[in-house]
Structures are given as C-alpha cells and as structure tokens.
Protein chains: 2
Amino acid sequence: MTTPLAALTNHQVRLAARPVGLPQAGDWQFTESPVQEPQDGGVLVKTLALSLDPAMRGWMNEGKSYIPPVGIGEVMRAGGIGVVVASKNAAFAVGDHVTGGPGVQEYWAVPADQVKRSGLAKIDLRLGSVTQWLNVLGMPGMTGYFGLMDVGQPQPGETVVVSGAAGAVGQTVGQMAKIKGCRVVGIAGGAAKCRWVVEELGFDACIDYKGGSVRDGLKEHCPKGVDIYFDNVGGEILDTVLTRINRKARIVICGAISQYNNTTAVQGPKNYLSLLVNRARMEGIVVFDYADRYHLAIAEMAGYLKDGRMKSKEDVVEGGVAAFPETLTKLFTGENFGKLVLKISD
Amino acid sequence: MTTPLAALTNHQVRLAARPVGLPQAGDWQFTESPVQEPQDGGVLVKTLALSLDPAMRGWMNEGKSYIPPVGIGEVMRAGGIGVVVASKNAAFAVGDHVTGGPGVQEYWAVPADQVKRSGLAKIDLRLGSVTQWLNVLGMPGMTGYFGLMDVGQPQPGETVVVSGAAGAVGQTVGQMAKIKGCRVVGIAGGAAKCRWVVEELGFDACIDYKGGSVRDGLKEHCPKGVDIYFDNVGGEILDTVLTRINRKARIVICGAISQYNNTTAVQGPKNYLSLLVNRARMEGIVVFDYADRYHLAIAEMAGYLKDGRMKSKEDVVEGGVAAFPETLTKLFTGENFGKLVLKISD
C-alpha cells in the first residue's frame with residue numbers, strides 16, 4: 001500500500017431533492033468525506049469514468065420500478081470504471097481495473113459484505129478502452145445486444161429501425177443488426193449524427209427527426225415495412241413507427257427518453273392497436289436479467305471491435321464530479337454525440 | 001330440390017355510409033333481391049343465425065386493417081350459421097348445417113369459385129347447438145382459445161384477468177384458463193354479469209367496473225399480481241391493469257371496444273412503460289391465423305361442453321335482419337349478456 005489515503009478527499013454528488021421535470025441545480029448537493037483504508041475483505045476503488053444514462057432520470061423518481069429509487073441524501077447512483085487503489089480482498093489487487101457502480105464520487109469504498117452484491121468485477125483493457133467498457137462492452141452495449149438478439153430476434157433480410165441511433169444503446173443495436181444481415185435504419189436528431197451513423201457505423205439510412213418528417217423517412221427508407229423497432233424514445237416517434245410495422249413485428253421497449261422529464265402523464269402509444277392488426281408484439285427489456293450471459297456478449301462484441309466490424313463512439317466530458325449535473329442534462333436535450341461519459345480521473 | 005326458390009325474397013342490410021362514432025340508422029340501407037337457383041358448383045344457404053361482434057365496427061371504417069373494409073352499398077359482413085337449401089356442389093347436400101360468412105341477409109348464394117375462399121364448412125350439431133357454434137365453437141371461441149393458449153401461454157397457478165368477461169370471447173378465455181389451472185378474475189359491467197361469471201362459469205372473482213374501482217378490485221382479487229391480461233376493452237381498464245402486472249406478464253390485445261366508436265384519437269396506454277419495468281409483453285391476436293387448427297380447438301372444447309366443464313351463454317335476439325342495426329348497438333352499450341346472436345330463421 002503506497003498511496004497515502006489519509007491525505008485524500010472524496011468529492012461526491014448527492015440527490016438533494018426529487019426533480020420535477022428536467023433536474024435543476026437545487027436537486028443536487030455537493031459533499032466531501034475522508035478516504036479510509038478498507039477493512040478486511042473490502043476494496044477501495046478510485047473512479048476513472050462514469051456512465052451517464054437516460055435511466056438515471058428514472059432512478060431519481062419515487063415509486064416502484066425495476067430497482068429502488070436513489071434516496072434523498074444518498075450519493076447519486078452511477079455505473080463506472082475504476083482502478084483498485086487499496087484492497088484487503090484476495091480477488092482484487094491494487095492496479096486492477098474494475099467495473100461496477102461507484103456512484104457519482106471520486107472514491108468508492110466497497111465493504112466485504114457488498115463486494116459480491118455490488119457487481120464489482122475486473123475488466124480486461126485489452127478487449128477495449130475504459131470508455132468502450134462503458135459503451136459497447138458496458139451496460140448500453142449489453143442492453144442493445146440482448147434487447148435486439150433476445151427480444152427482437154432479428155432474421156437476415158429483415159428491416160430494423162432504432163431510435164436514439166447515435167446514442168450508446170442505438171450504436172450497438174444498429175451495428176449488431178447489420179452484422180446479423182438486416183437492413184438498418186436509424187432515427188437521430190441532427191444531420192451530423194445521421195451522417196455519422198450512416199458513414200461511420202454503416203447503417204443503411206438515418207432519419208433526422210429534427211430536420212424532417214419521420215413518417216416520410218420511414219416510407220422512403222423502409223420500403224418493405226418495419227420488422228423490428230428498437231425504441232429508446234417513446235412519444236410521437238413510437239406512434240409513427242407503429243403505423244409502418246409488418247406482420248409479426250417486434251417492438252423492443254428499452255426506454256422513452258422523450259417522456260422522462262414530463263411533468264404531465266406519459267403519452268401512451270395511441271396506435272397500439274397496430275399490434276392487433278399486425279399480430280405484433282411490444283416487449284420490455286431490462287439488462288440485468290442477462291447478467292449471467294454478459295461475458296458471452298462481451299466476448300463476441302470485443303471480437304467485432306478488434307476486426308473493425310463494430311465501432312464505439314463516446315462523448316467524453318472532462319471536469320470531474322462537479323460537472324455531473326450539467327453534463328447529465330445534455331442527454332435530455334440531445335446534445336451528446338455518442339455514449340456520454342464523465343471523466344473523473346486519469 | 002323441393003323448395004320453390006323463385007317464390008322467396010332475400011332481405012338484406014347494406015352499409016350506406018361510414019359511421020362517425022356509434023352507427024346510426026342512416027348508416028344502413030335495407031334492400032331485397034330475388035332468390036335464385038345456384039349455378040354449377042354453387043351452394044345456396046338459408047341463414048339461421050348471425051354472429052354480432054365488436055370487430056364489425058372496425059370493418060365499417062375506411063383504411064388498412066387485417067381485412068378490407070365493407071364497401072359502401074355492400075351487404076354488411078357477418079359470420080353466421082345456415083342450412084343448405086339448394087346445392088350443385090358435391091361437397092354440400094340440402095339440409096347440411098354450415099358455418100361461414102353469409103353477411104346480414106336471409107339467403108347466401110355462394111358461387112362455385114367462392115366456395116373455398118368463403119370458408120363455407122359443414123358443422124356437426126351433435127357437438128353443439130347452432131348458437132354454440134357461433135360462440136364457444138365459433139369465432140369468439142377460437143379467438144379466446146388461441147389468444148389465451150398461444151399468445152398468453154398460461155401456466156398452472158398463474159393469475160389471468162380477462163375484460164369483457166361475460167362476452168363471447170371472455171367466457172371462453174376464463175373457462176379455458178380455469179381448466180388449465182389458473183386463478184381467473186373477470187372484469188364485466190354490472191352485478192348480474194359478474195355474479196353469473198363467478199357462479200355459473202366458475203371464475204374465482206369478477207370486478208364490476210360500473211359498480212366500483214377496477215384498481216381496488218385487482219388489489220383484492222389478484223393478491224399475487226397479474227400474469228396474463230386478456231384485453232377486449234382497451235382504455236382506462238387496460239391502463240389500470242398495467243399497474244398490476246407481474247414480471248414476464250403477457251397482455252393479449254384482442255380488442256378495444258371502449259375505443260371503437262371514438263370520434264377522437266384512440267387513447268393509448270399511458271402506463272405502457274410497465275412493460276419495460278416488468279419485462280412484459282403486449283401482443284395482438286387475429287383469429288384467422290389459426291384457421292388450420294380450429295378443428296383441434298373445437299374438438300377439445302366440444303368435449304368440455306359435453307362433460308360440463310365449460311358453459312356457453314348466448315344472448316339471442318329475435319327479429320330477423322331488420323333488427324340488425326339496433327341489436328348491434330347493444331354490444332357497444334354493454335347491454336348484451338353473453339354472446340350476441342341475431343336469429344334470422346328457424
């Protein structure tokens with residue numbers, strides 16, 4: 001143990017209030033605490049980078065969901081990559097790179113009884129970089145992979161549409177669908193994102209919902225209709241795609257970023273009876289259900305990263321934990337371009 | 001050939017205009033035409049009873065659906081049971097009872113080139129009565145059977161909720177789910193229907209949506225949540241059930257009678273993100289997809305009718321084709337009690 005831990009301060013961002021609509025400055029609280037040596041069986045991790053995800057908005061709300069909400073006064077929940085700086089656990093050595101849920105703080109103390117539960121796991125930087133481990137090889141990649149493959153079940157020649165195409169999940173979905181032999185049409189906001197999705201990621205087309213009509217775009221780019229729609233956005237776009245689905249289509253409900261900051265009720269898909277007419281299904285995906293198969297998806301996609309069939313784009317923001325609140329809002333205004341990552345330390 | 005066909009008149013009901021909201025008197029036209037001997041290969045059927053179904057409302061609308069709309073001036077489409085009164089087709093003899101789509105008219109002339117396409121098929125009245133052949137052994141029964149068994153996939157011990165519980169499809173769904181070992185909770189309008197569903201059909205409970213809160217009813221009668229919801233109604237009830245579903249729940253979208261006469265947009269399920277949280281799916285069913293397996297479902301359910309495990313209730317309205325328009329509206333006001341059948345002839 002060479003690092004003088006006692007000299008270090010852990011800067012943290014805590015949830016101060018439950019946001020109404022888009023999170024505001026007053027919803028956050030900045031705190032600091034001393035860094036301490038781990039107890040027997042415990043591990044101390046220095047955070048390198050945090051994953052900023054649309055799902056975070058849901059975690060701030062009261063109410064039943066797939067995981068409990070973040071409590072008022074608690075460190076904001078966040079997934080991330082770190083490096084072990086002190087360990088009294090034989091499974092982790094100083095210098096090991098790890099993935100887990102450090103939360104929005106610079107140091108993550110994992111006590112012995114939480115090492116397993118916390119999902120702390122070593123990662124291999126030969127398979128991908130720190131930021132790729134938060135993107136294609138991380139939760140968004142796992143979400144896209146299993147949502148597409150297990151829920152969507154793509155067949156060669158089918159047409160796959162994915163919204164949030166330039167985002168973290170959308171990148172994986174579209175590239176995997178291309179690898180599986182599908183026609184892939186993205187939906188994204190802005191000409192630059194659309195161009196990148198087509199030119200860099202190899203999608204067949206991308207519809208700019210800010211620059212034109214999604215309905216017209218679907219007519220033009222999905223001449224044989226839509227077999228799989230991977231939905232990250234909900235709202236009007238979901239309703240529009242529902243008018244273009246084929247028989248036995250699969251709609252993967254992964255998120256609804258257009259609805260997360262609503263102060264009124266969520267807008268339900270008024271065209272849902274298209275499911276009846278087309279004998280189609282709409283099904284939700286929660287990535288944690290596939291934890292025992294993450295290693296398989298990582299191995300497969302790391303291979304595609306290596307052989308160039310898959311690319312991974314991250315939008316890395318510098319500034320440490322203090323920059324968390326304003327960086328998070330980029331997700332909801334669509335300012336991020338690629339997987340949004342907050343860099344905490346080198 | 002003993003019937004003096006030339007002496008007979010065929011009374012018909014035609015669609016005169018596309019209804020806005022609930023169909024009105026002016027949307028219908030009454031016509032008559034002479035009855036004629038069939039040509040070679042053709043069959044002439046006298047209609048005995050017609051099936052009145054919520055789906056009829058959809059057939060009156062312009063626009064793409066699972067079958068083309070009824071044209072203006074055409075005889076209104078309807079399924080029914082009849083008896084062959086003249087035949088120049090070796091497969092059908094005078095006196096044979098048949099099922100098919102006679103439409104709202106007293107005589108159905110099926111030309112040679114349409115015998116196959118029309119779905120004309122002999123039925124065996126030893127398996128069930130004329131009205132049972134329009135109910136449990138007919139389209140509603142097939143819809144309930146395959147919607148529950150193929151889309152819902154019930155497992156013993158699961159909780160199944162069905163709306164329109166006293167209706168044609170609901171009866172089959174609930175009774176089949178009981179036979180398959182599920183807990184079954186109906187939703188119906190009025191104390192009499194609810195009592196009948198529990199006392200006569202053997203449902204475990206039934207929630208009267210006109211007499212109380214569906215939310216409270218679900219809490220009370222589905223203490224272990226909802227595994228399958230078979231939806232015939234849409235609207236608020238669908239949204240309420242979505243708040244009570246279990247992980248991996250299946251929502252079978254069979255219809256949305258609450259929305260069919262809307263003059264504004266369909267109300268989408270604003271709680272659809274419950275599909276995500278619960279990794280649940282919502283899937284449409286169209287009965288025609290199962291045509292090659294109807295005979296299996298009929299054989300199975302005819303057995304249950306015989307051994308008393310299944311009952312079949314029809315609400316038979318007398319009055320012939322002239323009574324069609326006002327009888328149809330009973331469906332949408334919920335006045336019918338059991339499968340609505342219009343008797344045309346003895």
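**View 1. Strand 8 (residues 159-163) of chain A pairs with strand 11 (residues 226-231) of chain A.** The two strands run in the parallel sense and are joined by three bridges. Strands pair here if DSSP finds at least two bridges between them. Helices (H or I, at least four residues) and strands (E, at least two) are DSSP runs, numbered from the N terminus. Within this pair, Val160(A) stands opposite Ile228(A) of strand 11. The model is predicted: local features need pLDDT of at least 70, side-chain atom pairs count only at pLDDT 80 or more, and totals for chains, interfaces and linings use all residues. Residues are numbered from 1 along each chain as its sequence is written, while chains are lettered from A and ligands numbered from 1 in the order in which they are written.

View 2. Axes are lines fitted to C-alpha atoms, for helices over the stretch in contact, and angles run from 0 to 180 degrees between N-to-C directions.

**View 3. Strand 13 of chain A meets strand 13 (residues 281-284) of chain B.** These strands run antiparallel and are joined by three bridges. Arg281(A) stands opposite Glu283(B).

**View 4. Chain A touches chain B.** In this interface, 25 residues of chain A are in contact with 25 residues of chain B (C-beta atoms, placed from the backbone, within 7 Å). Helix 7 (274-277) and strand 13 (281-284) of chain A are the elements that give two or more residues to the chain A side. Strand 13 of chain A gives the most, with four residues. By class, the chain A side has 15 nonpolar, five polar and five charged residues. Ala, Val, Leu, Ile, Met, Phe, Trp, Tyr, Cys and Pro count as nonpolar, Asp, Glu, Lys and Arg as charged, and the others, Gly among them, as polar.

**View 5. Helix 2 of chain A crosses helix 8 (residues 294-307) of chain A at roughly 95 degrees.** Their axes come within 10 Å. The two helices are therefore roughly perpendicular to each other (angles under 35 degrees count as roughly parallel, over 145 as roughly antiparallel, 65 to 115 as roughly perpendicular and the rest as oblique). Gly141(A), Met142(A), Tyr145(A) and Phe146(A) in helix 2 meet Tyr294(A), Ala297(A) and Met301(A) in helix 8. This contact has six nonpolar, one polar and no charged residues.

**View 6. Helix 2 (residues 139-152) of chain B packs against helix 3 (residues 168-179) of chain B.** The angle is about 45 degrees and the axes are 8 Å apart. These helices of chain B are therefore oblique to each other. The residues of their contact divide into eight nonpolar, five polar and no charged.

Key
Contact = placed C-beta atoms within 7 Å.
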